[in-house]
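Reader: I would like to learn how to read the features of a structure one at a time, with the cut-offs stated as we go. Could we begin with the way two chains meet?

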Amino acid sequence: MRKTLALFEYAIGALARRPGKAVALVAGIALVTGLLASILSLHAALEREAGALADAMPELTVQAMQGGRPATIDAETLEFLAGHPGVRSIRPRVWGYLFVPSLGANLSVFSVAPDAPELAEVATLLEGRAPRSKGEAAVGDTFARSLGLRPGDSIALPTGSKFHLLEITGVFGAEASLQAADVALVTEPDARLLLGYDDGRFTDVAISLASPTEADVVAAQIAEHLPHARVVRRDQIARAYALTLGARAGLVGAMLLPLLGCFLLLAWDRMSGLGEDEKRELGVLTLVGWDLRDVLLAGLFQNGLVALTGAALGLLAAHVYVFGFGAPLLFDALLGWSRLHPTFELAPAWDAGQIVTVVAFVVVPFSLASLAPAFRAADVDVDALLRGGA
Amino acid sequence: MDLRPKTRRRLLVALLITNALAIGAPIVHGMIRRDERARDLEARRALTSVLGTPDLALSSSSRWLRHPSLAEPTAPFADAPAALDVDPGGAFVAPRWAPEGVDR
């Protein structure tokens, strides 16, 4: 124990003799770890957010397709779906997108039945209340902020060449922003008017099953009866969420490559050899009787301290960048051309095990990279080294 | 700069404490934020049920990025099947499906 402590102290002393190099290495490793951790933690948080909500969506959602594009659903289809023995209830829905020229942004318009049982729970996310009758709307916080709307205000939304007046009865809080930043929740007659839907036509149908375990069978039967319909299963969505925002996403993969390159460069610097000062120092250690094991351990501790400090600072910086400042630039890239940016209200998804794994991912290879040059340097001609030769 | 043994020891302890705090702070903050976020989870799940989708409002510019769970697989390519996704957000959010109905 005393010997290990002494070796650590020696490592600290060796780093202090070359403070510029030590600081540069710590900064380099912190940068690489910080970028890696920012991307991974943002993705993990988004996945967690979507994954936590996925099982609240309908067991099946049926859409009509025509020419490879979504089409509206008619009464006949509803009749078949409602009469299917495996179906407990259906909820035909009207929703879609509305371009708001004054913002240059798209609004997601969703209809809701004023007596929907979920609305009591949803109301806790609202400043104000949910829409109860025609001419009322609850809107997302970003949309409301963009136009300076508050509950009680009125807004005229474009419907073709005319405008439709809605009273804002509620505004979603920032905690719901990731779901509802650009949403306008209205009653069905308003949704039909805003989106141009005829009576009796619907965007899609949410289906609740008598037995959720029969989702596969019912989906197959619906697909057989309605060959042009698209049946979205809840269990598929939940599984797919683990992949959609994950490492398969193109930009994430592209960003990780240069990071990997930087890290390899740093490790290569360690492996490729030592400076004259370092060689002389190791020569002196050999001369005064240190055995090879101690020389290697001292080098390992030295690099380990550098890598651990860099990784820890990088991790902290990434955490503050993502969850303190809302990941500027990175989050903007994720939002694309979107004009209505949601409020960043994500909770970190990493647990202790995953954080320690990321730190170990940096520290272990970087520390081990010190062994090769230290091994070579410990086997040099000490006499020649001290006289100034290599 | 040569340091005295006592200074080295102090520096080592300070470095290890700093590292432990830098690694521990995100873990503790994560636990606190997850608890805070869990408080309104039921309400957000009710909102998911009302909207019919758990999709996040990350992009309001493309429907396949706004509602990847409900947009059909050909949505980004409806007008030009071999076209590149014009929205930079598309580089982040991978297409959900390969062939229709098949998990990737």
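This is a predicted model: local features need pLDDT of at least 70, side-chain atom pairs count only at pLDDT 80 or more; totals for chains, interfaces and linings use all residues.

Reader: What area do chain A and chain B bury between them?

Author: The size of an interface is often given as the accessible area lost when the parts come together. Buried area here is the accessible area (1.4 Å probe) that two parts lose on being put together, summed over both; for chain A and chain B this is about 7500 Å², with 61% of it on carbon and sulfur atoms. Within chain A, the residues that lose the most area to chain B are A:Glu9, A:Gln179 and A:Arg230, together 9% of what that side buries.

Reader: How many salt bridges does the rule find across the interface of chain A and chain B?

Author: A salt bridge is a side-chain nitrogen of Lys or Arg within 4 Å of a carboxyl oxygen of Asp or Glu, and the rule finds six across this interface. One salt bridge joins the side chains of A:Glu49 and B:Arg44, at 2.6 Å from N to O. Over all chains, the search finds 20 salt bridges, and the side chains of A:Arg93 and A:Asp204 also meet in one, at 2.9 Å. Because A:Arg93 lies in strand E3 (residues 87-93) of chain A and A:Asp204 in strand E11 (residues 204-209) of chain A, that pair ties together parts that are 111 residues apart in sequence; helices (H or I, at least four residues) and strands (E, at least two) are DSSP runs, numbered from the N terminus.

Reader: At what angle do H12(A) and helix H1 of chain B pack?

Author: Axes are lines fitted to C-alpha atoms, for helices over the stretch in contact, and angles run from 0 to 180 degrees between N-to-C directions. H12(A) and helix H1 (residues 5-39) of chain B pack at about 35°, with their axes 9 Å apart. Among the residues that meet are A:Leu305 and A:Phe323 in H12(A), and B:Leu12 and B:His29 in H1(B).

Note on methods. Residues are numbered from 1 along each chain as its sequence is written. Chains are lettered from A and ligands numbered from 1 in the order in which they are written. Side-chain values use heavy atoms; hydrogens and water are left out. Contact means heavy atoms within 4.5 Å.
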